[in-house]
Amino acid sequence: MSVPYLTLEDITEHETEIKRSRFLCTLAPVSSEEEARAFVAECKVLYADASHNCSAYVIGGDRRVQRADDDGEPGGTAGTPMLETLLRRGLGDVVAVVTRYFGGVKLGAGGLVRAYGSSVGKALDLAPLVEMVPAKVMTVIVDHIRAGRLENDLHASRYEVREVVYGAEVGFRVAVRESDLAAFPGWIATLTSGHAVIEPGRTLYLRGA
């Protein structure tokens, strides 16, 4: 079953200092693994003088893609706690890069885990977040006579029209939040006097109402 998740409104940065090492966390919203990798690559260019640019990202509301990279830190001490923080906070479609400028004092494995995890956590505390909720694309098929009024009513409603396809009949592809799925057929039936066919389609995510 699909569940809601949180994602970012915009890029967020936060810097902290731990035993003279600087930890700069940069968070960004992404919609694909390619976008996440590109963002990590950009940070590595931007902060090429840093000791490490460790990263983690989660793609998809179902968290289907999860990656972590220690970028030269001891295995499991950087990317993994960063990823665990993102997952524990319920984030999806997000990438985190923590840039470390080594200050000369070694933190030890436990210290690194805490430093990288808390760096992401503190940045998330400041980040503007939005809830994404599961929805389904519903195709509503009506005749041309009823299509004009239905289109106006759909645009004025809480439902999101994604596409209108004209042919012998008119098909409206409408994104409907799961919380509204039970009421949607009755609403359509009232508007069209029962002269509409509704076909369920793929699942996607929309901003929470």
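How many bridges join β2 and β3, and in which sense do they pair? Some notes on that and the rest of the fold follow.

1. First, some ground rules. This is a predicted model, where local features need pLDDT of at least 70, side-chain atom pairs count only at pLDDT 80 or more, and totals for chains, interfaces and linings use all residues. Residues are numbered from 1 along each chain as its sequence is written, and side-chain values use heavy atoms, with hydrogens and water left out.

2. Now the opening question: β2 and β3 pair in the antiparallel sense over seven bridges. Strands here are DSSP runs of E with at least two residues, helices are runs of H or I with at least four, and both are numbered from the N terminus. Two strands count as paired if DSSP finds at least two bridges between them.

3. Zoom out, and five strands make an open, antiparallel sheet, ordered β2-β3-β6-β4-β5. At the edges sit β2 and β5 (65-69), each pairing on one side only. On average, neighbouring strands are turned by 15° against each other, direction ignored.

4. Helix α1 (residues 33-46) packs on this sheet, touching β3, β4, β5 and β6. Contact means heavy atoms within 4.5 Å. The direction of α1 makes about 165° with that of β4; axes are lines fitted to C-alpha atoms (for helices, over the stretch in contact), and angles run from 0 to 180 degrees between N-to-C directions.

5. Next, have a look at α3 (residues 108-126), whose 19 residues reach 27 Å from first C-alpha to last. That is close to the expected 27 Å, which is 1.5 Å times one less than the number of residues. α3 lies across β2, β3, β4 and β6, at about 45° to β3. Its buried residues (under 20% relative accessible area, with a 1.4 Å probe and protein chains only) include Leu-112, Tyr-116, Val-120 and Leu-124.

6. What about the inside? A nonpolar core is a set of buried Ala, Val, Leu, Ile, Met, Phe, Trp, Tyr and Cys residues joined through side-chain atoms within 4.5 Å. The largest one has 23 residues, and among those touching the most other members are Leu-27, Met-82, Val-98 and Tyr-116. β3, β4, α2, β6 and α3 each give two or more residues to this core, and α3 gives the most, with six. A second, separate core of 15 residues includes Phe-39, Cys-43, Val-65 and Tyr-101.

Definitions and conventions: Buried < 20%, exposed > 50% of the residue type's maximum accessible area, 1.4 Å probe, protein only.
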